[in-house]
Structures are given as structure tokens and as C-alpha cells.
Amino acid sequence: MQYLGLFITIHDRSHISTLLQSWPEKDIRAVVVTDGERILGLGDLGCYGMGIPVGKLALYTACGGMLPQQCLPVMLDVGTDNEELLKDPLYIGLRHKRIRGPAYDELLEEFMKAITDRYGVNCLIQFEDFANINAFPLLSKYRNKYLTFNDDIQGTAAMAVAGLLAALRITKSKMSNHTIVFQGAGEAAMGIAELIIMAMEKEGLPREQCIKKIWMVDSKGLIVKGRDHLTHEKERFAHEHAQMKKLEDVVKELKPTAIIGVAAIAGAFTEEIIKEMASFNKRPIIFALSNPTSKAECTAEQCYTLTEGRGIFASGSPFDPVTLPDGRKFYPGQGNNAYVFPGVGLGVTACAMRHIPENIFLVMAETIAELVTEKNLAEGRLYPPLNSIREVSIKLAVKIVEYAYKSKMATLHPEPHDKEAFVRSLIYSTDYEEFAVDSYSWPENAMTVQTCKL
């Protein structure tokens with residue numbers, strides 16, 4: 001039997017442990033949970049957001065090799081603010097506005113405790129597609145209490161920084177030499193910025209100087225000191241500067257070496273902006289990371305054409321190869337979180353970690369960047385080819401296991417001597433393996449028996 005996932009509503013408070021007892025699998029190693037409020041660039045989809053946890057866990061298996069029966073997708077239904085869904089007679093979720101405040105907090109608290117009570121403290125809980133208002137507080141509250149991470153903040157950060165690190169091999173420069181402007185100041189932007197700061201600090205630049213190299217533009221314009229209604233997260237990246245409304249003006253004024261789009265505003269990187277980036281950068285870095293494709297800040301073709309092939313491009317959605325008039329062909333790199341979270345899930349559960357420190361995600365970014373070959377870079381790829389993603393996930397998991405034992409964070413003992421062999425022994429595979437059959441047990445012409453390797 002196949003299960004879509006587990007739906008838990010705001011009205012199930014005080015009964016969540018009972019609901020979990022009803023789930024047929026007793027050995028769960030990874031949970032992906034959402035409340036459906038910020039699905040990709042599509043917004044509040046309520047219960048229809050269940051496809052995200054299901055899809056993410058499918059990639060845990062396909063890309064990371066985790067056993068499918070050990071994965072649990074969860075939807076926390078607290079209502080929806082999507083009026084269209086509330087009026088839809090076929091909508092499957094709760095028909096009221098989203099519940100916020102203490103009741104919401106109590107639901108999350110009970111859920112986190114119930115999961116670990118049922119499946120153990122080594123069960124991974126991945127937060128997915130929560131709105132900013134909840135994503136940051138939940139990560140801050142639970143990151144040191146449970147084995148948890150937020151893919152939109154930390155997974156996206158590792159993916160984007162991996163692309164930047166690969167780009168540095170093209171520009172022949174250090175991360176700390178770059179000035180970066182973000183179109184967007186939400187979960188993705190904050191997560192990427194934090195990891196960029198860690199990378200710059202690792203190069204020896206003081207933290208305060210690292211922060212000054214990062215600028216953000218939100219719906220109200222450039223984030224600067226003295227601007228009204230800045231959240232705590234945005235306040236950290238508010239610099240002394242005159243207020244500016246348009247991204248075009250910001251790019252002309254600040255002359256960044258890289259622009260990163262994570263606000264799901266289609267076409268935000270206009271022809272003027274791309275040409276401007278190419279005018280003062282020999283190799284401008286242009287990352288249009290919003291998805292789905294309809295929300296991309298620019299297309300690969302626009303980037304490569306308007307920069308005459310000098311642009312270093314990555315996107316959150318797939319784009320076809322681009323051939324320029326001079327015959328050069330580029331294969332744009334898709335910065336997909338699938339390069340990150342399956343390997344993280346496999347690694348942290350393999351060695352039974354209790355928490356996931358932030359620098360794990362910098363290690364992931366560095367590892368992914370190292371797997372990009374010179375041939376990949378010459379073709380315009382900033383990430384390993386997608387057909388190698390299973391091997392990428394395994395290598396990430398091995399790095400995590402090595403890190404965990406070195407840092408005394410692994411709770412699985414004894415420590416495996418050959419950590420790669422140990423990780424590979426856990427991989428789920430649908431390959432069939434032939435084996436010999438004794439002649440006295442079966443007729444001489446009997447069919448070959450095959451077994452599924454789990």
C-alpha cells in the first residue's frame with residue numbers, strides 16, 4: 001500500500017502522539033513537514049502543499065538512497081489565507097483563516113516532541129515552505145534541541161554558495177573580494193547571506209566587513225538603516241546609504257560583482273541590469289534562483305546573450321542549453337536543493353547525529369563545488385551533472401559522517417573504520433541481483449531467480 005502522507009490539523013492538539021501511533025511504519029528516519037503557507041513562488045496553498053513533503057522525500061530515496069518506508073511526509077493544517085481555496089467546494093483542508101499565535105506554537109511544540117518520542121531523537125525533521133514569519137523563529141527555537149534544519153534557509157544557502165564557490169574558480173578570486181546584491185530578503189536570501197559570511201570569515205575577513213559586502217533589495221527597495229518596518233533579520237543587513245527604490249539604480253550605484261534573485265519576481269533582472277552588470281564586470285555572476293520557471297528573474301539565454309557569453313549563470317529552474325551566434329554552447333547550471341538535502345538526510349541519520357551545526361552546510365557547499373570539473377565549468381555548469389546526483393549525495397553523506405565523528409557529534413558506535421563503505425551499505429537500490437540456484441533444488445531449465453537489494 002502507498003501512503004500520500006500524514007495530515008495533522010490544528011484541532012489535533014493533545015492527540016498528535018495517537019495519530020503517529022496510527023502510522024503503519026514504526027522505523028521512521030526522516031520527516032519533511034510543511035504548513036503550506038509559502039509553497040515555492042506560488043504562495044499559500046494550504047493542504048495542497050502536501051506535494052512538497054512527498055516530493056522532497058521521494059528525492060531522499062531517488063537521490064540520497066534512503067529507504068522509502070523510513071520517510072514520513074507531514075502536512076500541518078492550520079487553515080489558509082488563500083481566499084480562492086476557502087471558496088472552493090472541493091478544497092480538502094480546514095475552511096478558516098490561518099491560526100497564529102499561541103495555538104500555532106503549541107501545535108509545533110507538541111508535534112516536535114511527539115515525533116522524537118515515537119521515532120527517537122535521531123529522527124531528522126526537515127522544515128519546508130513555512131512563511132518567513134514562522135520559518136526563522138522555528139529554526140532558532142529548535143535547531144539545538146532536535147535534529148532539524150530548514151531547507152529553504154539552509155539547503156538553499158548551501159546550493160547557492162556551492163555555485164558561487166564554483167564561480168570563483170572562473171573569476172580566479174576569493175569570496176571576500178565580491179560585493180553581492182540580493183533581489184529578495186526572505187528565507188532564501190538570509191540563509192545564503194549567512195553562509196556567504198561564513199565563507200568570507202573562513203578566508204580571514206572580519207565578520208562586520210563581511211556583512212558590509214552584502215546588500216538586499218525587498219519590495220520597498222534597498223534595505224538601509226533608518227528605513228521603517230525592518231524585521232530583525234533584515235536589520236542585520238541594513239547599511240548606511242540613501243534609500244533607493246529600483247534594483248536598476250542599486251546595481252548602477254553599488255556595482256556588485258554578483259546579483260542573486262530569490263524573490264520570485266519574473267523578469268526582475270532586466271536587459272538594462274544584465275548589460276550594466278557586464279559593463280563593469282569581466283565575468284558578472286548572475287543567479288536567477290527563483291522557481292518555478294515562470295518566476296525566474298531572467299532566462300539563461302538572456303544572461304548569456306546580453307553579456308556576450310561572459311555571464312556566469314545559475315538558475316533555480318531548468319533551462320535548455322544556449323548557443324550563441326559565434327557557435328559557443330552553454331549548459332546552464334540548475335541550482336537545485338536536491339544537490340543538498342538528500343545527502344544531508346543520509347549523512348546525519350547514518351551516524352545518528354542529535355543536532356546539525358550551521359557549518360555543516362558550508363562543508364556541503366564546498367564539497368559540491370569540488371565535484372564540478374573544469375570541463376563542467378567550460379560548458380557553463382556550476383554544478384555536477386544531474387545524472388551524477390546519487391554519487392554527489394553519497395559523497396556529501398560521507399563528509400558529514402567524517403565531520404560528525406571528528407567533532408564528537410555522532411552517537412552511533414563503534415565508529416565505522418571505512419566511512420564510505422559504511423554509507424554505501426545503507427543505500428536503497430531497486431537494482432536486481434542474480435544468484436546461482438542449486439541444481440538439486442530446481443529443474444535444470446528453471447528461470448533465474450532475482451532478488452531486490454534493499
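Helices (H or I, at least four residues) and strands (E, at least two) are DSSP runs, numbered from the N terminus.

## Basis of the model

This is a predicted model, in which local features need pLDDT of at least 70 and side-chain atom pairs count only at pLDDT 80 or more, while totals for chains, interfaces and linings use all residues. Residues are numbered from 1 along each chain as its sequence is written, and side-chain values use heavy atoms, with hydrogens and water left out.

The unreviewed UniProt entry carries the annotation "binding site" for Glu128, Asp129 and Asp152. UniProt positions are given in the numbering used here, with feature names shortened, and annotations may be inferred rather than shown by experiment. Although these residues span 25 residues in sequence, no two of their C-alpha atoms are more than 6.6 Å apart, so they gather at one spot. Glu128, Asp129 and Asp152 are included in the lining of the largest pocket. On a 1 Å grid over the protein atoms alone, a pocket is an open set of points where a 1.4 Å probe fits, with protein on both sides within 12 Å along at least five of seven lines; lining residues have an atom within 4 Å of a point.

Asp129 is placed in the loop between strand 4 (124–127) and helix 5 (132–142), and it counts as buried at 2% relative accessibility. Buried means under 20% relative accessible area, exposed over 50%, and partly exposed in between (1.4 Å probe, protein chains only). Asp152 lies in helix 6 (residues 151–171) and is likewise buried, at 7% relative accessibility.

## Contacts around Asp129 and Asp152

Contact means heavy atoms within 4.5 Å. Leaving aside neighbours within four places in sequence, Asp129 is in contact with residues including Thr34, Arg38, Ile52 and Asp152. With the same exclusion, the contacts of Asp152 include Arg38, Phe127, Glu187 and Ala188.

A polar contact is a pair of N or O atoms within 3.5 Å; within protein, one must be able to donate a hydrogen and the other to accept it, and residues adjacent in sequence count only if both atoms are side-chain atoms. The side chains of Asp129 and Arg38 are joined by such a contact of 3.2 Å. A polar atom of the Asp152 side chain lies 2.5 Å from the backbone nitrogen of Asp129.

Thr34, in strand 2 (residues 30–34), counts as buried at 0% relative accessibility. A polar atom of its side chain lies 3.0 Å from the backbone nitrogen of Gly36.

## Further annotated positions

UniProt also places the feature "binding site" (unreviewed entry) at Arg38, Asn291 and Asn336, and the lining of the largest pocket takes in Arg38, Asn291 and Asn336. Asn291 is in the loop between strand 10 and helix 12 (300–306) and is partly exposed at 27% relative accessibility.

Asn336 is found in the loop between strand 14 and helix 13 (341–350), and its relative accessible area of 25% makes it partly exposed. The backbone nitrogen of Ala338 lies 2.8 Å from a polar atom of the Asn336 side chain.

Seven strands form an open sheet of mixed pairing in the order 8-7-6-9-10-11-14; two strands pair if DSSP finds at least two bridges between them. Strand 8 (221–222) and strand 14 (333–334) stand at the edges with a single partner strand each, so one side of each is left without a neighbour in the sheet. Strand 9 (residues 258–261) and strand 10 (residues 285–288) pair in the parallel sense over four bridges, with Gly261 opposite Ala288.
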